[in-house]
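Colleague: Could you take me through the charged side-chain pairs of this model, one question at a time?

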Amino acid sequence: MDALRVQLSSGSLTSSVAASSLLSQPRTPFSSLQLGRVGSSPAVGSVSANETCTADELHYVPVPNSDWRAALWRYLPSPKAPKRKHPLLLLSGIASNAFTYDLSPECSFARSMSGSGFDTWILELRGAGLSSLNVDTESRKDEQQIVSGLLENVINVSERMEKVLDEGFKFLGLQDRLSKRVGDFKQRLEVFPRYNWDFDNYLEEDIPSAMEYVRTQTKPEDGKLLAIGHSMGGMLLYAMLSRCGLKGMDSGLASVTTIASTLEYSSSGTLLKYLLPMAKPAQALNVSALPIDTMLEMAHPLICRPPYALSWLTANISAPQMMEPEVIEKLVLNSLCKLSPVPAKLLYQLATSVDKGGLRDRTGSFYYKDHISTTNVPILALAGDWDIVCPPDAVYETVKLIPEHLATYKVFGSPGGPHYGHQDMISGRTARSEIYPLIIQFLQRHDQS
């Protein structure tokens with residue numbers, strides 16, 4: 001497989017294919033190691049030419065039928081921990097990257113898993129984090145012509161928005177930041193036509209390629225992986241199990257853990273009922289992608305700094321007092337704001353999850369929820385009591401359809417606290433003591449079977 005591996009170790013660098021030097025400095029744990037987006041133009045995507053990687057190794061794997069290479073962050077198992085039979089694959093949610101699982105040494109889900117002996121891999125799907133896009137010159141010229149009209153319209157809108165917000169941002173001392181973000185947004189519109197994938201593309205191309213690559217690197221005897229998915233990452237795992245179960249195929253998974261995930265939100269009070277439908281006007285206007293990351297970065301000072309005009313937005317991420325302020329800020333800056341635009345096709349397909357019957361495939365005829373009962377894979381499904389993105393009743397909407405002997409369901413949080421929001425089961429103050437041990441115990445049980 002034409003894949004690239006970058007090994008990060010003290011004073012060393014190796015690559016599995018011939019390539020120019022990508023890194024020039026040794027790795028120390030959680031250091032500011034600078035990595036380029038291999039094979040990509042500096043103008044592509046919202047991650048700058050250099051980005052911090054805190055994993056032990058950085059791998060790239062080609063995504064079929066595309067110009068993308070997905071990034072895989074690898075955390076090597078601790079030599080002091082018991083030897084495990086299966087590698088562990090972590091999948092993040094929409095509009096997030098590998099930092100979801102590795103925000104700091106004190107609250108690193110990935111490091112905790114590797115510290116327990118699991119060879120841990122975080123997949124960054126196409127368009128996220130350090131994933132890489134190759135764009136030739138001729139294609140770039142064609143795409144610039146395609147979006148010329150769109151650019152003109154959006155520039156006019158952005159300039160009007162800049163005038164409206166000018167006085168408020170000037171008062172907060174953020175006028176220069178706003179102007180820079182609007183400028184970045186205009187520049188990045190040129191590559192919007194490349195952001196044309198949906199949920200099924202992830203399911204059919206990105207994840208199978210990554211799983212095969214991890215199998216090749218780790219060589220589990222039975223060829224299976226353990227998998228954990230947060231938010232959309234869990235939805236992808238559920239969808240995979242539904243498809244494989246219906247077709248009588250082996251999913252290649254020894255167990256699945258989902259964190260704040262479901263296939264149907266229609267009966268819950270989820271915030272997504274108000275957010276996901278915005279994909280429909282975007283599709284009607286023929287807008288290929290939405291710059292959610294740019295909007296978040298523009299809003300960041302109002303979320304994390306005085307006078308905290310948009311601080312209420314953090315309630316969508318974390319329950320009060322559950323995550324340290326600096327950890328929330330790092331999540332916003334390094335994960336949510338370090339992304340590429342989110343394809344309208346992806347949002348449009350995910351929007352079906354708030355309708356009766358739940359998430360559908362791109363044809364609209366296949367309901368993933370209808371076939372989750374056919375799976376033969378053990379599933380641990382976790383919910384947070386104060387999660388307004390994926391509330392416990394939404395999580396249970398999928399869990400209740402899984403064969404009872406395969407499903408383990410747990411809601412974290414108690415009336416007197418602590419409470420758990422959408423990100424808290426991974427990065428909350430008490431996650432390491434309350435949640436990680438349960439997940440590790442589940443992984444151990446099915447690693448041995």
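This is a predicted model: local features need pLDDT of at least 70, side-chain atom pairs count only at pLDDT 80 or more; totals for chains, interfaces and linings use all residues.

Colleague: How many salt bridges does the model hold?
Modeller: Side chains of opposite charge can pair when their charged atoms come close. The rule applied here asks for a side-chain nitrogen of Lys or Arg within 4 Å of a carboxyl oxygen of Asp or Glu. Counted in this way, the salt bridges come to 14.

Colleague: Is Glu 57, which pairs with Arg 74 in a salt bridge, buried or exposed?
Modeller: The two side chains meet with N and O 3.2 Å apart, and they link strand E4 (residues 57–62) to strand E5 (residues 68–75), the partners being 17 residues apart. Arg 74 has a relative accessible area of 10% and is buried. Because buried means under 20% relative accessible area, Glu 57, at 5%, is likewise classed as buried.

Colleague: How many residues apart in sequence are the parts tied together by Arg 362 and Asp 198?
Modeller: These side chains form a salt bridge with an N to O distance of 2.8 Å. Arg 362 lies in the loop between helix H11 and strand E13, whereas Asp 198 lies in the loop between helix H4 and helix H5, so the parts that the pair ties together are separated in sequence by 164 residues.

Note on methods: Residues are numbered from 1 along each chain as its sequence is written. Side-chain values use heavy atoms; hydrogens and water are left out. Helices (H or I, at least four residues) and strands (E, at least two) are DSSP runs, numbered from the N terminus. Buried means under 20% relative accessible area, exposed over 50%, partly exposed in between (1.4 Å probe, protein chains only).
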